[in-house]
Amino acid sequence: MTRAKRVTIADIARMAGVSPGAVSFALNGRPGVSEETRQRILDIADAHEWAPSSAARALVGSRAGVIGLAVNRPARTLGAEAFFTDLIAGVQSALGARRMALQIVLVSSLEEEVATYRRWRSAGQVDGVIVIDPRDEDPRLSALRDLPLPAVVIGSHASGEGDASSLWLDDARAAHILFDHLVAIGHRRIAYVSGPGEFQHTRIRAEVLAGLSAQGVVGETVVTDFSVAASVAATASLLSRAEPPTAIVYDNDVMAIGALGIAQERGVAVPSALSLASFDDSVVAGLVHPSITCLTRDTFALGEQAADFLLDRIDAAGPLAPRAGALPRLTVRESTAQPPG
């Protein structure tokens with residue numbers, strides 16, 4: 001059986017009655033063609049199951065039509081975090097509208113992540129990357145600058161001149177929203193059960209809590225690895241104290257729900273004896289009983305914004321000015337109340 005001839009950009013141009021350049025603009029979501037022409041070209045490409053040739057891209061040095069996301073998280077726990085599933089869904093939604101793909105790789109260290117960026121760059125596998133969980137003095141950012149590889153960093157600070165473009169989230173203000181709410185309803189012994197301490201957002205949240213000492217708050221940060229097991233162990237230790245905290249805040253909803261279970265197992269009533277809250281929200285956080293007070297962010301929209309920003313960065317000659325992500329809102333549910341007494 002003879003193999004069907006592969007449809008090329010030249011074939012699509014002939015069928016659409018336009019130039020190959022116009023087809024390239026349309027397929028890559030770039031300006032230069034009208035929306036009517038773009039849609040006609042996309043319809044023809046879909047009807048003939050057109051796909052870009054990686055060999056041809058390598059020969060002409062054109063784009064891969066793919067962006068990369070390296071995630072430094074254990075594979076078994078990644079799916080449990082609503083933040084990542086919503087973020088990835090938002091990124092993919094924005095890319096799908098531009099006929100681009102997302103390549104995700106799980107890595108176990110910063111060194112492996114940097115090696116992944118170098119491999120992607122040398123092989124022309126991706127056009128740019130989204131970087132998450134930035135650290136202070138982050139080696140990944142200097143590596144990306146030296147490659148060079150277009151990048152957008154989802155982080156806690158606006159990028160400076162020459163740095164990778166940042167989609168920054170005001171984590172200090174967000175932390176105040178949650179901690180200040182607990183202080184306002186009377187809590188003065190507050191613990192924060194965090195993820196890894198090297199993350200910028202972890203440090204910022206811990207600093208905000210420590211800064212509340214001026215209001216008579218005794219704050220403490222307990223660093224974990226984001227896992228439910230570590231969250232449960234930390235909560236059990238805090239509740240075993242002679243004078244335990246009256247409120248505990250967790251980095252994500254899964255950690256908070258695990259802590260709720262150990263509190264109930266030990267007969268500690270939530271919220272009458274202990275208030276619990278989370279910096280991340282999810283559908284499940286609103287379904288457990290008592291439901292969990294959270295900071296609620298449209299993470300799907302954040303993923304779309306990050307992808308659109310990266311595509312703009314890829315089209316630009318260099319890093320773009322930082323853009324701000326939306327501030328989360330406080331969703332007060334059943335797990336927080338005035339402290340006992």
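Start by selecting arginine 203, which is partly exposed because its relative accessibility is 25% (buried means under 20% relative accessible area, exposed over 50%, partly exposed in between, with a 1.4 Å probe and protein chains only). Before going on, a word on what you're looking at: this is a predicted model, where local features need pLDDT of at least 70 and side-chain atom pairs count only at pLDDT 80 or more, while totals for chains, interfaces and linings use all residues. Residues are numbered from 1 along each chain as its sequence is written, and side-chain values use heavy atoms, leaving out hydrogens and water.

Arginine 203 makes a salt bridge with glutamate 207, with the closest N and O atoms 3.2 Å apart (a salt bridge is a side-chain nitrogen of Lys or Arg within 4 Å of a carboxyl oxygen of Asp or Glu). Both residues sit in helix H10, four residues apart, or about one turn of the helix. Helices (H or I, at least four residues) and strands (E, at least two) are DSSP runs, numbered from the N terminus. Glutamate 207 is partly exposed too, at a relative accessible area of 45%.

Select arginine 135 and glutamate 198. Their side chains meet in a salt bridge of 3.9 Å, N to O. Arginine 135 is in the loop between S3 and H8, and glutamate 198 is in the loop between strand S6 (189–194) and helix H10 (200–211), so this pair ties together parts 63 residues apart in sequence. Arginine 135 is buried, with a relative accessible area of 9%, whereas glutamate 198 is partly exposed at 44%.

Next, pick glutamate 113 and arginine 140. Here the salt bridge is 2.9 Å, N to O, and it links helix H7 to helix H8, with the two residues 27 apart. Is glutamate 113 buried or exposed? Glutamate 113 is buried, with a relative accessible area of 1%, and arginine 140 is buried at 1% as well.

Zoom in on valine 114. Beyond its neighbours within four places in sequence, valine 114 is in contact with Pro139, Arg140 and Ala143 (contact means heavy atoms within 4.5 Å).

Last stop: the largest nonpolar core, with 24 residues. A nonpolar core is a set of buried Ala, Val, Leu, Ile, Met, Phe, Trp, Tyr and Cys residues joined through side-chain atoms within 4.5 Å. Select Ile67, Leu95, Ile130, Ile132 and Ile154, which have the most contacts inside this core. Then colour helix H14, which gives the most to the core, with seven residues.
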